[in-house]
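This report looks at the nonpolar core and the aromatic rings of one protein model. Please keep the sequence and the structure in view while reading.

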Amino acid sequence: MVRIASTLFLAILLSACGFQLRGAASSTGLPAEWRQLHLETGSPNSEFTRELRSRFSANGIEWVDRKDAAYILQLEPERFSQRNLSLTSEARAAEFELTLQTRFTVRAPDGSIAMEPSEAVVTKQMENDPSNVVGKAEEIRILQAEMRGELAQQILRRIGFHAAAQ
């Protein structure tokens with residue numbers, strides 16, 4: 001009985017403090033007029049574009065035709081770069097820095113800028129094992145997928161903050 005009461009108390013306490021899971025639909029804070037967007041991109045079938053569409057849709061955004069859109073999200077292609085952070089005694093890369101970035105702009109249907117052009121950037125570091133080239137390539141591929149999700153979420157949050165500030 002005490003266990004049930006304490007569990008119930010904790011559940012009520014968490015809901016009262018405003019706790020919600022990251023990525024929940026209400027976390028965007030987008031007003032209703034910002035929830036119908038049109039996406040313009042030069043690479044509509046890229047992995048990043050698919051990830052962005054999915055993240056936005058999961059957060060209550062409806063993708064519509066340009067004529068029906070409240071705002072147009074213009075998205076440039078993602079840019080991935082990799083650089084060496086440190087070297088081993090044999091002059092091989094011991095650590096890499098991976099960077100994924102893109103630029104985006106939000107426009108009103110009349111073409112005016114609703115949100116100034118912004119750059120979103122995600123950076124990660126990884127250790128390198130020069131003797132495991134195949135494993136390193138797979139790890140980079142997995143990290144890129146994670147970074148795409150973080151980049152899409154960053155864009156969603158920025159648009160949400162901008163919309164809430166208006």
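How many residues does the largest nonpolar core have, and which of those have the most contacts inside it? In this predicted model, the largest nonpolar core has 31 residues, and Leu 52, Phe 56, Leu 73, Ile 155 and Ile 159 are those with the most contacts inside it. At least two residues of this core come from each of S1, helix H2 (47-58), S3, strand S5 (93-107), strand S6 (113-127) and helix H3 (133-165), and H3 gives the most, with nine residues. When its neighbours within four places in sequence are left aside, Leu 52 is in contact with Leu 39, Trp 63, Leu 73, Leu 75, Ala 152 and Ile 155.

The count of aromatic pairs comes to two, and they are set out below.

| Pair | Centre to centre | Angle between planes | Arrangement |
|---|---|---|---|
| Trp 34 and Tyr 71 | 3.9 Å | 15° | stacked |
| Phe 56 and Trp 63 | 5.5 Å | 35° | tilted |

Because Trp 34 lies in the loop between helix H1 (2-16) and strand S1 (36-41), while Tyr 71 belongs to strand S3 (residues 71-75), their pair ties together parts that are 37 residues apart in sequence. Trp 34 is buried, its relative accessible area being 1%, and Tyr 71 also counts as buried, at 16% relative accessibility.

In the tilted pair of Phe 56 and Trp 63, Phe 56 counts as buried at 0% relative accessibility. The ring of Trp 63 has the charged end of Arg 53 sitting over it, 5.5 Å from the ring centre.

Technical notes
Residues numbered from 1 in each chain as written. Predicted model: local features only at pLDDT ≥ 70, side-chain atom pairs only at ≥ 80, totals over all residues. Heavy atoms only, no water. Phe/Tyr/Trp six-rings, centres within 6.5 Å; stacked < 30°, edge-to-face > 60°. Helix = DSSP H or I, 4+ residues; strand = E, 2+ residues; numbered from the N terminus. Buried < 20%, exposed > 50% of the residue type's maximum accessible area, 1.4 Å probe, protein only. Lys NZ or Arg CZ within 6 Å of the ring centre and 35° of its normal. Core = buried A, V, L, I, M, F, W, Y, C linked by side-chain atoms within 4.5 Å. Contact = heavy atoms within 4.5 Å.
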